[in-house]
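Please open the model in your viewer and keep a selection panel at hand. The stops below go from the whole chain to single side chains.

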Amino acid sequence: MPRRSATMLAATLTLITLLVVSVLLKVPYTQLSPGPTYNTLGAQDKAGTPVISISGAQTYPTSGHLNMTTVQVTGADYQPSLVSVVVGWLANDQLVVPHDILYPKGQTEQQSEQQNAEEFASSQDSAKTAALTQLGIPVGNEVQISEVVAGGPADGKLHAGDRIVAVDGTQVTDPTQVGPLVQKHKPGENVVFTVVPHAQDEETLKPSDESQVTVTTSKAPDSDKAMVGIVAAPGHNYPFKIDIGLQDVGGPSAGLMFALGIVDKLTPTDLTGGKFVAGTGTIDDKGNVGPIGGISMKVIAAREAGARYFFTPSDNCAEASKNTPSGLRLIKVDTLAQALDDLGKVRAGQDAQLPACPR
C-alpha cells in the first residue's frame, strides 16, 4: 500500500475510533435545561387545580401572569456522553455542571429529591409568612421542623414543615426545648414525636389529626449524645388556609413568586395589570429575596412561556444578563416590598423606572 494511502487509512481509523469513544465515554457531568413555568395566579394542570388556593379570607380576581420558573435536570444516575456534554457547552439553552455540584458523593437521587421537597415546603411557609406580614395580617408562632438530615434517623419519618406539638408527651413551645428532650435518651433508644403533618388543614385541625412518630436515636457524630437528625425552628400558623399545590417541583427558588401570588389574591389591586411577569428567588419570613441556581435557564424558560418582565435576585443579575433573551426585561429585586412597588411601575408602563440588572 502506498505510504500516502496508508497514512490516510490510519488517520481515518483514528478518527473513527475517537468518534466512537466520544459517543460511548461517559463523563461525570449533569445537564440543565429550561423547565416548565407555572402561573401562581392560575391553574397547575388541565383540570384547573389552582397553584394557590385561599379559603377563610376575602380574595379578589386577578389577571395576567406571575410565573414561577423551573429548571430540568438530568438524574443522579444519568451520565452523559462526552459528545452530549460538548454539545451542551456550545448550546445557549443548556448548562453543563460537574455532577457532584448537584449530587454530592454518597447522595442518592431519592435523597436529593427528598431534600428538594423539604426546601420546597420550607419556601412555601416563608412565602406565606412574608406575604401576610407585608399585608399586616398577624401570623402565629409554633415549633416547626425546618430541615431533616438526609440519611439520619428521622429521614423519611419526619419532614420539613411538620409542626412539633410534643416530645415524649412533653409539650414544646420553643425550638430550644426539642434538643434537650431528645438527649434525655441514650443512642439507640426511641423518642416519640407528636406532630401535625405539614399538609394538614389548620382550619379543621382536631386533636385526632396529630400523629405520633417514633424515631430511634443514633449517636451524634461529635459527642456521645443521642440525635435524630432534625433542625427545629420557629414556625408559623395562619388565620386562614393557604394551599400551594404543585407536583414534581422542588427547591426553594419559587418563594418570591409564591409570595407575590398570595398578595395578589388577598388585595383588590390587580398587581400585574394583565401583563406577563415571571421571576425567581428565595424568600425569608421578613421578605428578603435571595439568589438561586440555574438562572440562565430560567430566563429562557420565562421568555419561551411569553414573559416580558423577569424578577431577578440581585446576586443573580450578572449571570442572568449574559444570556437574557430578546424581549425580556430583567428587574433587579432584593425584597418583596420592592417587587410590589415595581409591579406598580409595570402596571403604569413606567419601564424606564424599573431597577435593571447591569448588562
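With the whole chain selected, consider its contacts, a contact being heavy atoms within 4.5 Å: among those between residues at least 6 apart in sequence, 74% join residues at least 24 apart. This is a predicted model, in which local features need pLDDT of at least 70 and side-chain atom pairs count only at pLDDT 80 or more, while totals for chains, interfaces and linings use all residues. Residues are numbered from 1 along each chain as its sequence is written, and side-chain values use heavy atoms, with hydrogens and water left out.

Next select strand β3 (residues 65-73), which runs antiparallel to strand β1 (residues 29-39) and is joined to it by 6 bridges; two strands pair if DSSP finds at least two bridges between them. β3 also pairs with strand β14 (residues 276-279), here in the parallel sense and over 4 bridges. Centre the view on M68 in β3, which stands opposite Y38 and has G279 as its bridge partner in β14.

Now select C317 and C357, which form a disulfide (a pair of cysteine sulfur atoms within 2.5 Å) with their sulfur atoms 1.9 Å apart. C317 lies in helix α8 (residues 317-322) and C357 in the segment after α9 (336-347), so the pair ties together parts that are 40 residues apart in sequence. The link is left-handed, with -55° about the S-S bond, and both C317 and C357 are buried.

Which arrangement do the rings of F120 and F258 adopt? They form an edge-to-face aromatic pair, 5.8 Å centre to centre with 65° between the planes; rings of Phe, Tyr and Trp (its six-membered ring) pair if their centres lie within 6.5 Å, and planes under 30 degrees apart count as stacked, over 60 as edge-to-face and the rest as tilted. F120 in helix α4 (residues 109-134) and F258 in helix α6 (residues 255-266) are 138 residues apart, and both are buried.

Technical notes. Helices (H or I, at least four residues) and strands (E, at least two) are DSSP runs, numbered from the N terminus. Buried means under 20% relative accessible area, exposed over 50%, partly exposed in between (1.4 Å probe, protein chains only).
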